[in-house]
Structures are given as C-alpha cells and as structure tokens.
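Hi there,

Here is the structure I promised to pass on. Have a look at it first, and then read my notes on what turned up in it.

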Amino acid sequence: MRTSIHGQWSSRWIFILAATGSAVGLGNIWRFPYLTGENGGGAFVLVYLLCVIMMGIPIMMAEILLGRRGRKSPINTMETLAAEEGLNPNWRFLGWLGVLAGFIILSYYSVIAGWTIAFIFKTGMGDFVGANAEQTTTIFSELISSPGILLFWHSIFMFITIRVVSRGVSGGLERAVKFLMPALFVLLLVMVGYAMSTEKFLDGLKYLFIPDFNSLAEKNLFSDVFLPALGQAFFSLSIGMGAIMIYGSYLSKDSSITSNCFVIAIADTSVAILAGIAIFPIVFTYGLDPSDGPGLIFISLPIAFGQMPFGTFFGCLFFILLMFAAWTSSISLLEPAVTWLVESKKMSRIKASYIAGFIAWLLGVLTALSFNYWAFEFSFAGAIKQNGLFDIFDILTSNIMLPLGGVLVAIFTSWLMSRKSTVDELGLGDSIAYKIWRFTIRYIAPIGVLIIFLNSIIVFIFWLTVLFKILFILKINSLGSKGFGK
Ligand code: TRP
C-alpha cells in the first residue's frame, strides 16, 4: 500500500482537526459576514448552505479520495492517478491550477491575517473602550491606509506560516487546533451572547435567515447571489485547489472519508453561521451598513468589545484566536506547492517553504497596496468594489478558479476514474450513500456550477473591462513617470 513521503497523520482525529483547522479561518469569520452583507443577507446564506451540501461535501470527499489514493502533491497525484486510470497525464494541470489559486489566495489571506494581528494590539491596549461606530471606522481606515503597517504584519504572518510548513505540517498543528479551535468556538458563543443583549438582535437574525425577496428584485440573482455564494462555499471548505487533497494524502487507509467530511463541513458551517449571528445584530444596532465590505468585522466587533464587561480581555483574546485560525488555514494553502517542490525539484522542505512563501509574500504586497496607494474602484455585478487588485484576486480565485478546480475534480472522479477505484477508496460498498454521492458529483455539482457560470456571463464582460482598466492605469503611470523624468 502506498504512503506519502511527507508523512502520515497519527490518527483519524488529527486529520479531522487539521482539515477543520484548514477550513475554519478568516473565510468564516471575516469573509462570510461581509459577503452576506454585500449580497443581500438571507438569500445569500440559503444558497451558500445549498452549495455546501450539494457540491461542497461531495467534492470534498472526492478531493480527499484522490489525495489518499495518489499520496503525493496535487500535481503529481493527478498525474499518477490519470496514468493509473489510463487517462491523459495533462490532468496534472488541474494540480497546477490549484497551486496557482493557492498562491493568490495565500497572498491576500496573509494581509488580512495581518489586520487581525494589528487588532490584537489595538483591542489589547483598550483603543476601543467606549468607542462608537464612527471611531471604530476611523481606526480601521487608518490601519488600511498605512501600507508600511500592513506590510509589516503581512510579513510577520507569512513568516510564521512558512515556519510551520517548513517543519512539516503535522508538527505544531495538533496542539494549535486541539485547544485553540474549541476556544474560538466558545468565544464566538460569548459574542452571540452579547449580540442577544443588543436591541436589534432579532433584526440581525431575520437578515441572516429570511431571504428578502424585495431586495433581490434589482439584483442579478446569478452573478450577485449564486456566484459569490458558490465561491464562498468552496473558499470556506478549502476545496478546489488541492489543500484538502494534500491533507487527504496523509490520511490512513482505514479512516472513513465520508464521516470525516461531514464532521469538517458541519464544524466549518456552524462557525460561519455563529459569526453571522454575532455580527449582524451589532451592525444594525449601531447603524452600520451591512454592505460595508471587507472591514465589516473589524468595524462592528470592536464596538461590542468596547461596551461589554471585560471587553478588552475578550477582544484581545478573540483576535488572537482568529489569528491562530487563519494560521492553521494558511499553512494548507502553501502545502501543495511545497510538497511539489520537494517531490519534483528535490528541494529540502525548508528551502521549498521559504521559496514558495516568498512568492506568495511578494504577491501579497500588491494586496497591501491595493487598500491605499493602488486603490481603484470598479463595479462588479452592481456592487462598487473599492480595493482594486485585492477584489480582483479574491473574485478570480474564489468565484472562478476554485469552482472550476472543484468541478474538474468531480468530473475526474465520477466520470473518468473507474467505479471500482472510487468504491474501493470510499469504503461505502455499493450502498445508498455511495449512490447518492456518485449522483451528486456526477450531475448536480458540474451542472450547478455550469449554470451559475453561464448565467454570470456578466462576469466575463467584467473581466474584459478590468483588463482594459489595468492597461489604462499602466499607461497613465508610464506617461506620468516619463513626464517626471524631464
Ligand atoms: N478555508 C479557509 C478559510 O475559510 C481558507 C483556506 C485554506 C482555503 N485553504 C484553502 C480556501 C484552500 C480555498 C482553498 O479561511
């Protein structure tokens, strides 16, 4: 039986912890609430949940299955399995698509994780005691308009990510996830408790769980609600780029993929929903705008920390735990590229981690600057996006590359691989559960993504305009610098 040269999880629980560590992160607590706010509340949440159940879980199972069967980096796993199944070795490009998506996501993920670290200090020093919405908004905008500070924390976060990956993923992860994840969960419950004491608690709940069809009237359902919800499901579950695949490659053969996936998906989704329940009542009570964008939690939660008893302590702890959650996610974004460098370029793990991490760091500089020097506005599916490259990276990866990667995984496992291989790997026999899995992944996932993609043609038009815009800015800059030299 094959094993991975990079090691194996010491038990099924470590795998579940690691995969949950990967899934639970900024995606749940930062990204989910702000996207919900931007894309119309309840309807977005509903579609997101449907995407998790009908596409997310089955595709996660498929990814883990492939990883465990191939036991290599996603690029080499795809190549090996394609060869074994008598298919074209170019399937390795699916691995490449994932590595590329991983770099882009990690690059901006690290910048946002940097905001979290900055907020550990801000809350810890009592900056938010008694602060109102206006004050927290100012503190946040001051932070994102200082490129130096953003770059500083971005560098620190990338460095700690590289450190863990360079020592092998299973090392420090176990401790981090075992204690810190449950602690984060409990703290979220505390925040929900606070939210219950606010005036607009019920409004917050309604906003999250009851689709407001009137507000949908002016929207394009597909590109404003379905596409971002699909992207969020993939992003939050860490699927579509090989992160879960590589974690699957360290999983022992006797562990049940199906039940593991359910545990991971339920943990991930409940954290996101709890974050929503904690945040929206605060947003409404203090008159914030739910569609405020990426700063939403950094503006709303500090108000609560400034008001509640022991708020400085809870606030500081909350951002510390959020940073750890981001950390256990970011390492899974780097791992696929690093394992490939180790396997195919015969590099040491340490060297591979620093090289790959450095590339992601460089790319992250663009994101750090996109909140200040290089900020430009554009409209995407009716919403005004203000943070140029950051928004482009985010939309490109989550809404396009991840679903595309995920669907290709689905097609590979359910249409091209032999039925016997998947039966063998999932260990469900020919049961009803297996049949449901196979049906969803054969039909529902690919057709669902296809329909959403096609109906979001507007997105492609949008990409063209972005391209023109970038060319235009480059041209202006080069004209500008010529003028300067004279
Ligand atoms: N799921 C993580 C979060 O919610 C982010 C993440 C880690 C991720 N690995 C990934 C997203 C792989 C997409 C693909 O914060």
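Let's start with the second largest cavity: α5 supplies the largest share of its lining, namely three residues. Keep in mind as you read that this is a predicted model. The elements giving two or more residues to that lining are α4 (74-84), α5 and α17 (388-416). If you want to pick the residues out on screen, the lining consists of Glu63, Pro74, Met78, Leu94, Gly95, Gly98, Gly240, Met241, Gly242, Met245, Gly405 and Val409. Sorted by class, that makes six nonpolar, five polar and one charged. The space inside the second largest cavity comes to about 70 Å³.

How many cavities of 30 Å³ or more does a search of the whole structure find? There are four. The largest cavity has a volume of about 140 Å³. It is lined by 18 residues, and Ser22, Ile105, Phe235, Ser238 and Leu333 are the closest to its centre. Two or more lining residues come from each of α1, α2, α5, α11 and α15.

Now zoom in on the ligand's polar atoms. A backbone N or O atom of Leu26 is 3.1 Å from an oxygen atom of the ligand. With Asn28 the side chain is involved: one of its polar atoms lies 3.3 Å from an oxygen atom of the ligand. For Ser236 we are back to the backbone, where a polar atom sits 3.1 Å from a nitrogen atom of the ligand. And how much of the ligand does the protein bury? On its own the ligand exposes 360 Å², and the protein buries 100% of that.

The largest pocket holds about 400 Å³ of space. Of the 22 residues lining it, Asp292, Gly293, Pro294, Gln386 and Asn387 lie nearest its centre. α6 (133-144) and β2 (383-385) are the elements giving two or more residues to this lining, and α6 contributes the most, with four. The classes here are nine nonpolar, eight polar and five charged.

Cheers

Note on methods:
Residues are numbered from 1 along each chain as its sequence is written. This is a predicted model: local features need pLDDT of at least 70, side-chain atom pairs count only at pLDDT 80 or more; totals for chains, interfaces and linings use all residues. Side-chain values use heavy atoms; hydrogens and water are left out. A polar contact is a pair of N or O atoms within 3.5 Å; within protein, one must be able to donate a hydrogen and the other to accept it, and residues adjacent in sequence count only if both atoms are side-chain atoms. Accessible areas come from the Shrake-Rupley method with a 1.4 Å probe; for residues, only the protein chains shown count as cover. On a 1 Å grid over the protein atoms alone, a cavity is a set of points where a 1.4 Å probe fits but cannot get out, and a pocket is an open set with protein on both sides within 12 Å along at least five of seven lines; lining residues have an atom within 4 Å of a point. Grid points are joined across faces, edges and corners, and a volume is the space filled by probe spheres set on the points. Ala, Val, Leu, Ile, Met, Phe, Trp, Tyr, Cys and Pro count as nonpolar, Asp, Glu, Lys and Arg as charged, and the others, Gly among them, as polar.
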